Amino acid sequence: MFNDWRRVLVLSGKALGAILFCEAVGLLAAWVTQTSVTTWYPTLTKPSFTPPNWVFAPAWTTLYALMGVAAFLVWRRGPDRTRVRTALTAFGLQLAANAGWSFAFFGARSPALGLVVILGLWGLLAWTMDRFFRVRPVAGWLLVPYLAWVTYALALNAAIWGLN
């Protein structure tokens with residue numbers, strides 16, 4: 001019985017680690033964003049479907065947590081398996097593109113560069129979801145809200161680029 005509890009604790013720690021890793025990417029993005037959100041971003045012309053600023057932090061915090069759980073569930077299928085490694089490679093690339101968008105849009109203060117990066121992110125995320133569905137369908141489903149949000153963010157980024 002002790003071994004069962006120990007196994008649960010170890011797995012819980014690994015799941016928490018995956019979530020915290022994704023949240024750390026979010027913190028990096030927030031750090032890059034922080035100055036531009038209060039100085040440059042308010043000066044941009046934005047479309048009518050722009051959400052209030054307070055929506056972004058809870059939305060991204062939730063999405064990063066879902067990403068972490070999804071990655072953990074895929075990893076649990078065996079990191080020594082080719083399908084799992086491919087899925088996690090795709091995940092890592094999309095996560096890097098996710099952080100890259102904040103550097104492009106807010107860090108470089110470039111809606112055009114942000115648009116290029118978010119288009120790449122969307123493609124990498126679609127690839128990641130395809131791989132996750134093949135390894136562990138529930139992990140793919142956990143990324144659906146993220147894809148919806150990135151699609152919305154892509155439309156928002158495109159509109160801001162067009163208006164400015």
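Reader: Which residues does Thr128 touch, not counting residues up to four places away in sequence?

Author: In this predicted model, Thr128 touches Ala87, Ala90, Phe91, Gln94 and Leu143. Thr128 itself is found in helix 4.

Reader: What makes Thr128 count as buried?

Author: Buried means under 20% relative accessible area. Thr128 has 0% relative accessibility, so it counts as buried.

Reader: And how far apart are the C-alpha atoms of Thr128 and Trp149?

Author: They're separated by 15 Å, with the two residues 21 apart along the chain.

Reader: Why are helix 3 and helix 4 called roughly antiparallel?

Author: Check the angle: the two helices pack at about 160 degrees, with their axes 8 Å apart. Angles over 145 degrees count as roughly antiparallel, and therefore helix 3 and helix 4 get that label. Helix 3 passes helix 4 in a left-handed crossing. By class, their contact has 20 nonpolar, six polar and three charged residues.

Reader: How do you know that the length of helix 3 is close to what's expected?

Author: Helix 3 has 26 residues, and 38 Å is expected at 1.5 Å a residue. From first C-alpha to last, helix 3 reaches 36 Å, which is close to that.

Reader: What is the phi of Arg109?

Author: Near 55 degrees, a positive value in a residue other than glycine. Most residues other than glycine have a negative phi.

Note on methods:
Residues are numbered from 1 along each chain as its sequence is written. This is a predicted model: local features need pLDDT of at least 70, side-chain atom pairs count only at pLDDT 80 or more; totals for chains, interfaces and linings use all residues. Side-chain values use heavy atoms; hydrogens and water are left out. Axes are lines fitted to C-alpha atoms, for helices over the stretch in contact, and angles run from 0 to 180 degrees between N-to-C directions. Helices (H or I, at least four residues) and strands (E, at least two) are DSSP runs, numbered from the N terminus. Angles under 35 degrees count as roughly parallel, over 145 as roughly antiparallel, 65 to 115 as roughly perpendicular and the rest as oblique. A crossing is left-handed if the near helix is turned anticlockwise from the far one by less than a right angle, and right-handed if clockwise. Ala, Val, Leu, Ile, Met, Phe, Trp, Tyr, Cys and Pro count as nonpolar, Asp, Glu, Lys and Arg as charged, and the others, Gly among them, as polar. The expected span of a helix is 1.5 Å times one less than its number of residues. Buried means under 20% relative accessible area, exposed over 50%, partly exposed in between (1.4 Å probe, protein chains only). Contact means heavy atoms within 4.5 Å.
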